[in-house]
Amino acid sequence: MTDTSTPSPPRGAAEHGPAKRRLGDRLFLGLSKGAALAIVAILAGVAIFLTAEGIPGITASPDEVKSGESFLSWVLPLVFGTLWSAALALVIAVPLAVAVALFVTYYVPRRLGHTLGYVIDLLAAVPSVVFGLWGMRVLAGELVGPFEWLEANLGFLPFFAGPASATGRTILTAAVVLAVMILPIVTAIAREVFRQTPVLLEEAALALGATRWEMIRTVVLPHGRSGMIGGAMLGLGRALGETMAVAMVLSASGVVTFNLISSTNPSTIPANIALQFNEASGLTVNALIASGLVLFVITFAVNFAARAIVNRRKEFSGANA
């Protein structure tokens with residue numbers, strides 16, 4: 001009688017191969033979980049520290065802190081300056097980033113596009129101190145003339161009412177520096193989103209007689225709208241937390257003003273902490289930490305919203321595969 005039973009695998013393979021793979025999977029799973037839990041623990045630790053150390057600064061009376069004001073009166077101008085400078089940076093950076101991403105993706109040869117994209121990504125590796133030095137020593141001086149022109153020709157607008165700063169170290173200059181710093185982030189995300197546009201939709205638009213720009217306007221941009229918004233919000237989170245570049249470029253007065261070219265400028269929370277912390281003592285230190293808590297909450301909310309928007313389009317991640 002013929003034996004039709006399936007031969008058993010070699011004993012060594014049964015004992016070692018699958019066992020090794022299972023062990024590797026378990027190790028990888030454990031490391032992944034450990035890294036995720038470590039990130040959560042670090043965030044929780046930062047939040048607990050900022051809350052515990054910041055509450056005394058929030059509840060301190062005005063005569064116990066260096067500013068001589070209540071915490072709310074003192075921090076609101078800083079929140080305004082932080083949001084205002086970051087919003088200006090987005091207005092400058094996002095259109096430029098989208099244009100660069102479209103140019104690299106659709107208007108240049110693939111090899112040249114990869115090279116240009118790599119060069120743009122290298123901006124993310126430049127330290128913020130270098131951007132601050134460039135903004136303070138080069139850009140600010142070059143913008144004095146344009147600021148004077150804006151005051152002379154558009155001074156009827158509150159944004160350019162002047163008097164124009166003689167040094168060029170204004171909130172607009174700081175916003176330009178921030179725009180250059182967040183440009184790689186927004187450009188990289190926009191490029192990836194544009195590449196995920198289904199090729200069939202692009203080819204269908206071209207087959208119907210659309211020009212390349214019409215195809216981009218009717219297919220690519222609507223498809224990538226959520227991704228572009230998510231990239232812009234991630235860039236906003238980066239701009240909100242920038243410290244040294246803004247501290248070096250901006251000549252701050254701690255006021256609330258929409259004037260972009262005056263020597264009287266609002267300050268930002270990170271720059272204010274960096275400039276004031278060394279000379280602070282007592283409850284003033286707690287007040288600075290409390291302002292850091294406010295920045296932590298703002299940045300966390302921005303990044304959380306960006307993640308939610310990006311996840312809405314995650315089903316398109318394999319469109320061009």
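Me: A nonpolar core is a set of buried Ala, Val, Leu, Ile, Met, Phe, Trp, Tyr and Cys residues joined through side-chain atoms within 4.5 Å, where buried means under 20% relative accessible area, exposed over 50% and partly exposed in between (1.4 Å probe, protein chains only). Which residues of the largest nonpolar core touch the most other members?

Reply: This is a predicted model, in which local features need pLDDT of at least 70 and side-chain atom pairs count only at pLDDT 80 or more, while totals for chains, interfaces and linings use all residues. Residues are numbered from 1 along each chain as its sequence is written, and side-chain values use heavy atoms, with hydrogens and water left out. The largest nonpolar core holds 53 residues, and the members that touch the most others are Trp74, Phe147, Val177, Leu240, Leu260 and Ile261.

Me: Which element provides the largest share of this core?

Reply: Two or more residues each come from α2 (71-107), α4 (128-142), α5 (144-154), α6 (171-195), α9 (225-240), α10 (244-249), α11 (269-276) and α12 (283-311), helices (H or I, at least four residues) and strands (E, at least two) being DSSP runs numbered from the N terminus. The largest share is 12 residues, and the element that gives it is α2.

Me: How many residues does the other core, lying apart from this one, contain?

Reply: Val98, Tyr106, Ala190 and Phe194 are among the members of this other core. Its count of residues is 12.

Me: How many helices does the protein have?

Reply: Reading along the sequence gives the pattern α-α-α-α-α-α-α-α-α-α-α-α. With zero strands in the secondary structure, the number of helices is 12.

Me: Among contacts between residues at least 6 apart in sequence, what percentage join residues at least 24 apart?

Reply: The protein has 321 residues, of which 38% are buried. Taking contact to mean heavy atoms within 4.5 Å, the share of these contacts that join residues at least 24 apart is 80%.

Me: Is Ile261 buried or exposed?

Reply: Ile261 is placed in the loop between α10 and α11, yet its C-alpha lies 6.0 Å from that of Phe147, 114 residues away in sequence. Beyond its neighbours within four places, Ile261 contacts Phe147, Leu150, Glu151, Phe159, Phe160, Gly162, Pro163, Ala164, Ser165 and Thr170. Because its relative accessibility is 0%, Ile261 counts as buried.

Me: How many nonpolar residues take part in the contact of α2 with α3?

Reply: The crossing of α2 and α3 is left-handed, a term that applies if the near helix is turned anticlockwise from the far one by less than a right angle, with right-handed used if clockwise. Val100, Phe103 and Val104 of α2 make the contact with Gly113, Leu116, Gly117 and Ile120 of α3. Two of the contact residues are polar and none charged, and those that are nonpolar number five, where Ala, Val, Leu, Ile, Met, Phe, Trp, Tyr, Cys and Pro count as nonpolar, Asp, Glu, Lys and Arg as charged, and the others, Gly among them, as polar; the value asked for is thus five.

Me: What is the handedness of the crossing of α2 and α8?

Reply: The axes of α2 and helix α8 (residues 212-223) come within 12 Å of one another and cross at roughly 115 degrees. Val98, Leu102, Tyr106 and Tyr107 of α2 meet Arg212, Trp213, Met215, Ile216, Val220 and Leu221 of α8, a contact with nine nonpolar residues, no polar and one charged. The crossing is right-handed.

Me: How many nonpolar residues does the contact of α2 with α6 have?

Reply: The axes of α2 and α6 are 6 Å apart, at an angle of about 40 degrees, which means that α2 is oblique to α6. The crossing is right-handed. Beside three polar and two charged residues, the number of nonpolar ones is 25.

Me: Which residues does Thr284 contact, its neighbours within four places in sequence left aside?

Reply: Thr284 lies in helix α12 and counts as buried because its relative accessibility is 13%. The residues in contact with Thr284 are Glu64, Val65 and Lys66.

Note on methods:
Axes are lines fitted to C-alpha atoms, for helices over the stretch in contact, and angles run from 0 to 180 degrees between N-to-C directions. Angles under 35 degrees count as roughly parallel, over 145 as roughly antiparallel, 65 to 115 as roughly perpendicular and the rest as oblique.
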